[in-house]
Amino acid sequence: MKIERKERKENGRKRIMLVTPMLHQGGFERICVLTAKLLKDRYDVYLAVFNTQDIFYDVEGLQLIDLRLGAARGSLGKLANICRRVRRLRQLKKELCIDISYSFGTTANIANVLSKGRDVTWAGIRGYSALSDRGARLIFRRADCVISCTRTMEAEINRVFGTKKSETLYNPCDLAQIAALSDTGRSGMEKEPESGPLIVSMGREDDLKGFWHLIRSFAVVKGAVADARLMIIGEGSYAEYRKLAGDLGIADAVCFTGALRNPFPLLARADVYALTSQSEGFPNALIEAMACGTPCVSVNCKTGPAEILTEDYERYSDLSAVCEAEYGILTPVFEGEKSLEPSITAQERQYAQVIVDLLRDDAKRREYSKRAVERAGDFGVDRYVDQITGMVESAG
């Protein structure tokens, strides 16, 4: 694995190491792998992973390095693990003559900035919750550049913490691949959904996704549109949500698919994409749904939805109003703590009514479908490659 500096100079290509804790299904993991694939023909790219067990994403053709330093238990164990990761990364950076180290996720960011040698360190912040994580201040102060996935997040980081340098780099969406996969008509599901209006949402089983709000809202939709169906695509058992659907009497109309390698045929068939998250970084699934021409109804949470569904996102700072933006509909963020009771709140009824109105208005749905595809083009891989290449070249 050791490569001499002389070879790098003769090669003439910069060397980039991408660092991530794992490659399970998740937003920043997907962006990390896609970034490696997009840059590997232009630069020497290495993908360093703390633990490569249960890889979900296709890493064929990538230079993958397994550090074999997965999660540890207990405070002392975690501290020792950080030290081991830092030592191993510092060694790799020296051996491979790394020019730029770009990390994804809090634990990878900490190890990256602490292992800095001659390399330029980039810390990728893909979720708003990272601002309150332990180690946030260390990351933001020590990284040579903090890369956020939304402008709102970048502004907040600079306001609260201050950085040496910052950039907003929107997540890329491979529109050509999505178009090809959505046309296959095969999602990998054993049983396809029945006919009737289809509402889809995507995300792993995580409280941040607010799926209890979605299911309770759907119960109201179902009361108004009898043949409506709800599908939630993502990793997890969803046992408590299955029970909630049963308690609401809508279990037969709610489908939990698990993780799907190709969800795009289902997105293309959907009448509405629904996002109910309490917070996001940059919701990749929202862009993917739009690329499939699916009209979107999203809560106006921090951060991402407003920047995606309207170009003038600061105009929609009123988080208490329903706003029909240029490329989708924004609704208020749900209030209150998680509850699995089958009682439906006024906010959930409001969210449901927005979906019902959209399902009943074919012209509006067609218009939002058209605009969604147009907007998705603003987040294509070509723009991402142009921006990140410019950042690499200017990094010295």
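**Entry 1: α11 and α14**

I began with handedness: the crossing of α11 and α14 is left-handed, a term I use if the near helix is turned anticlockwise from the far one by less than a right angle, with right-handed for clockwise. The model is a predicted one, where local features need pLDDT of at least 70 and side-chain atom pairs count only at pLDDT 80 or more, while totals for chains, interfaces and linings use all residues. Residues are numbered from 1 along each chain as its sequence is written, and side-chain values use heavy atoms, with hydrogens and water left out.

I took helices (H or I, at least four residues) and strands (E, at least two) as DSSP runs, numbered from the N terminus. Helix α11 covers residues 284-291 and helix α14 residues 362-376; their axes come within 7 Å and cross at roughly 120 degrees. That makes α11 oblique to α14. For the wording, angles under 35 degrees are roughly parallel, over 145 roughly antiparallel, 65 to 115 roughly perpendicular and the rest oblique. The axes are lines fitted to C-alpha atoms, for helices over the stretch in contact, and angles run from 0 to 180 degrees between N-to-C directions.

I then listed the contacts, meaning heavy atoms within 4.5 Å. From α11, I287, M290 and A291 meet A372, V373, R375 and A376 of α14. By class, this contact has 6 nonpolar, no polar and 1 charged residues. Nonpolar here is Ala, Val, Leu, Ile, Met, Phe, Trp, Tyr, Cys and Pro; charged is Asp, Glu, Lys and Arg; the others, Gly among them, are polar.

**Entry 2: α8 and α9**

I looked up helix α8 (residues 211-224) against helix α9 (residues 239-247): they pack at about 20 degrees, with axes 10 Å apart. That makes α8 roughly parallel to α9. Their crossing is right-handed. In α8, F211, W212, I215 and R216 meet Y241, L244 and A245 in α9. The residues of this contact divide into 6 nonpolar, no polar and 1 charged.

I also checked Y238, which is in the loop between β9 (229-233) and α9. Its phi is near 55 degrees, a positive value in a residue other than glycine. At 0% relative accessibility, Y238 is buried; I use buried for under 20% relative accessible area, exposed for over 50% and partly exposed in between (1.4 Å probe, protein chains only).

**Entry 3: S201**

S201 lies in strand β8 (residues 198-202). With 2% relative accessibility, S201 is buried. Leaving out residues up to four places away in sequence, S201 touches F211, L214, M231, I232, I233, Y273 and A274. A polar atom of the S201 side chain lies 2.7 Å from the backbone oxygen of A274. S201 and L275 are 74 residues apart in sequence, with C-alpha atoms 6.3 Å apart in space.

**Entry 4: α4**

For helix α4 (residues 106-114), I found 7 of the 9 residues buried, so the helix is largely enclosed by the rest of the structure. The buried residues are T106, A108, N109, I110, A111, N112 and V113. Their cover includes β1 (15-20), α3 (75-95), β4 (100-104), β5 and α5.

I noted a cis peptide bond between K302 and T303, with omega about -15 degrees. T303 is in the loop between β12 (296-299) and α12 (305-309).

D54, not a glycine, has a positive phi of about 55 degrees. I placed D54 in the loop between β2 (44-49) and β3 (63-66). At 62% relative accessibility, D54 is exposed.

Key:
Polar contact = N/O pair within 3.5 Å; in protein donor to acceptor, adjacent residues only side chain to side chain.
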